[in-house]
Amino acid sequence: MVGAGVLHLTTQREEFRAQVPAWFPLDEDLTVLGSGVVEIGLGAAFVALPRHRRLVGAVLAAFFVAIFPGNIAQYVEGTDAFGLDTDRARLIRLFFQPVLVVWALFGGGWLRGPRR
């Protein structure tokens, strides 16, 4: 997450801007910068705050759900970014977002059974 967040702020900034839906009410660059900062913060919190890993995992899962409309918009609007230059590639990507949600919940301990 930290690495992805840093990419939002640096070399992949333009690619991430292309993924912000046209209907989103905030400036594209502000959205990319803000989401990059959030990703850095969540990634760092996952490592630095192990006692709060469940909370961070839940927030991270919610974050992945919150950005999913951007992925849908990329497919619907036919926006090329990150090498996703066909409708098929953009559609296939949509199926990986739930995997990220499950990964965040698993990492946060939500899918491992009751807390000890």
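A salt bridge is taken here as a side-chain nitrogen of Lys or Arg within 4 Å of a carboxyl oxygen of Asp or Glu.

I note that this is a predicted model, in which local features need pLDDT of at least 70 and side-chain atom pairs count only at pLDDT 80 or more, while totals for chains, interfaces and linings use all residues. Residues are numbered from 1 along each chain as its sequence is written, and side-chain values use heavy atoms, with hydrogens and water left out.

Entry 1, whole structure. I searched for salt bridges and found 5.

I looked up Arg13, Arg17, Glu28 and Asp29, which are linked in a network of salt bridges. Arg13 pairs with Asp29 at 2.4 Å, N to O. This pair links distant parts of the chain, from helix α2 (residues 13-18) to helix α3 (residues 28-48), 16 residues apart; helices are DSSP runs of H or I, at least four residues, numbered from the N terminus. Glu28 bridges to Arg17, with the closest N and O atoms 3.4 Å apart. Glu28 lies in helix α3 and Arg17 in helix α2, so this pair ties together parts 11 residues apart in sequence.

I use buried for under 20% relative accessible area, exposed for over 50% and partly exposed in between (1.4 Å probe, protein chains only). Asp29 is buried at 16%. Arg13 is partly exposed at 28%, as are Glu28 at 34% and Arg17 at 26%.

I found Asp87 and Arg90 joined by a salt bridge of 2.8 Å, N to O. Both lie in helix α5 (residues 87-94), 3 residues apart, about one turn of the helix. Asp87 is partly exposed at 46%, whereas Arg90 is buried at 5%.

Key: Helix = DSSP H or I, 4+ residues; strand = E, 2+ residues; numbered from the N terminus.
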